[in-house]
Amino acid sequence: MKKIQILFKSMILATLLVAVACGGNQPKGDKAAVDYDKLTYPQLMEQASAEQVQAWYDCDSRLDEDEVAARGKELKAQKKLICFDLDGTVTNHRTPMIPENKAVLDKLMANPEYKVIMVGAGNARRIFDQMGGYAIDIVANYGMQEATVVNGEFVEVRNDQCQVDRDFFLKTAQIVRDRYGFTEYTGESVEFHPAGMVTLGLLGSKAKTEDKLVFDPDKSKRRAIYKDVCELFKGYAVFIGGTTSFDITQIQYNKYDAVMNYAHKHGYTRDQVLFVGDDFGDGGGDSHIRLAGMDYIHITDFTKLPERMSFLY
C-alpha cells in the first residue's frame with residue numbers, strides 16, 4: 001500500500017494519472033490541456049469524475065514517519081514553502097507557543113532555502129497575538145485574510161469581504177436545529193463575521209465555556225451530521241470548527257486554495273509545498289489539503305513538532 005501511495009504522489013503532480021495509481025477513471029475533459037498546479041479545489045472537484053474524486057480521497061498524501069525516514073533527503077531538497085496550522089500544531093489550542101516549537105520556526109526561517117508561513121482558520125490578528133508577535137506571514141480565515149509583520153508591527157495585507165445571505169443562513173441553521181434537536185441555545189443561533197465567514201454554534205454564541213468543552217470533545221456529534229449539514233449548505237465550504245460549531249465560508253475559501261494562492265503569488269509550485277497540521281479528517285480545517293492530494297505532515301501531539309520536523313533542518 002505504501003508503494004502505491006508513493007507512486008500516486010509522484011504521478012499526480014506531473015500527469016493527473018491518479019486514476020491509474022488508485023484504480024479510478026481519468027479526469028473529465030482533455031487532460032493534456034489541464035494545468036493541475038493552477039486548479040482551485042472547486043475546479044478539481046468539478047473536472048473530475050466521481051471515481052476520480054474517490055481516488056484522490058483514497059490515496060492519502062500524508063507523509064508519515066516511515067516515509068519521511070525513507071525520503072527525508074529528497075523532501076528536504078524538494079520542499080520550499082512550509083505552511084503551518086496553529087492550534088494543535090504549533091501551539092496547544094488558544095495558548096502561546098512553547099519555546100521548543102518556536103525554535104522549530106526559528107530554525108526553518110533561518111534557512112534561506114525555505115519560506116515559512118502560518119495558515120489558519122482564525123483571524124490574522126488573533127494568530128499574531130497568540131504567537132506573541134512572531135514575525136511571519138499569516139494567511140488567515142481559510143484564505144480570506146493575509147497579514148505580515150514589519151518592524152514588529154502587525155500589517156494587514158489583504159482582507160476579503162464577502163456578502164452573506166443572512167436570511168438563508170438563519171433559515172437553514174434552524175432546519176439543522178429542528179432536525180437534530182439543537183433547538184435550545186444561548187445567545188445568537190448564527191454568528192456573522194465581518195469578512196463573511198458564518199459560524200453555526202450548536203449551543204449558541206453565548207454558551208458557557210464549560211458546557212462547550214464537554215459538548216463534543218472528539219467531534220463525533222458533529223461528524224455524525226456533517227454530510228447532511230454540507231448538503232443543506234450546498235455551494236459553501238463547511239468545516240467542523242471550535243468545540244461546538246460549524247464554520248461556513250464561500251466555497252473558494254479553504255486551506256488548500258489559501259496555500260496555493262500564496263504559492264502562486266510568491267513563485268512556488270505545488271510540489272514545493274509542505275503543509276503541517278493536525279485536523280485532516282472529514283470536515284476538519286485542514287481537510288482540503290488531504291482531499292486535494294497535497295503533501296502534509298499530520299501532527300497528533302503539538303509537543304512532538306520538533307521531532308517530526310527535524311528532517312528539514
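This is a predicted model: local features need pLDDT of at least 70, side-chain atom pairs count only at pLDDT 80 or more; totals for chains, interfaces and linings use all residues.
**Exercise 1.** Find out where Lys-255 sits and whether it is buried or exposed.

*Solution.* Start with the fold: Lys-255 belongs to helix H11, which covers residues 255–266. Next, look at its accessibility. Buried means under 20% relative accessible area, and Lys-255 has 2%, so it counts as buried. Now look for polar partners. The side chain of Asp-85 makes a polar contact with that of Lys-255 at 2.9 Å. A polar atom of the Lys-255 side chain also lies 3.5 Å from the backbone oxygen of Val-119. Leaving aside neighbours within four places in sequence, the residues in contact with Lys-255 include Tyr-142, Phe-275 and Ile-289.

**Exercise 2.** Work out which parts of the chain the salt bridge between Glu-113 and Lys-80 ties together.

*Solution.* First, check the pair: the closest N and O atoms of Glu-113 and Lys-80 are 3.0 Å apart. Then place each residue. Glu-113 is in the loop between helix H6 and strand E2, and Lys-80 is in the loop between helix H5 and strand E1, so the bridge ties together parts 33 residues apart in sequence. Finally, compare accessibility: Glu-113 is partly exposed at 46%, whereas Lys-80 is buried at 17%.

**Exercise 3.** Locate the partners in the salt bridge between Glu-146 and Lys-265, and name the network they join.

*Solution.* Begin with the distance, which is 2.9 Å between the closest N and O atoms. Glu-146 lies in strand E4 and Lys-265 in helix H11, 119 residues apart, so this pair links distant parts of the chain. Glu-146 is buried, at 7% relative accessible area. Last, widen the view: salt bridges link Glu-146, Arg-158, Asp-160 and Lys-265 in a network.

Key. Residues are numbered from 1 along each chain as its sequence is written. Side-chain values use heavy atoms; hydrogens and water are left out. Helices (H or I, at least four residues) and strands (E, at least two) are DSSP runs, numbered from the N terminus. Buried means under 20% relative accessible area, exposed over 50%, partly exposed in between (1.4 Å probe, protein chains only). A polar contact is a pair of N or O atoms within 3.5 Å; within protein, one must be able to donate a hydrogen and the other to accept it, and residues adjacent in sequence count only if both atoms are side-chain atoms. Contact means heavy atoms within 4.5 Å. A salt bridge is a side-chain nitrogen of Lys or Arg within 4 Å of a carboxyl oxygen of Asp or Glu.
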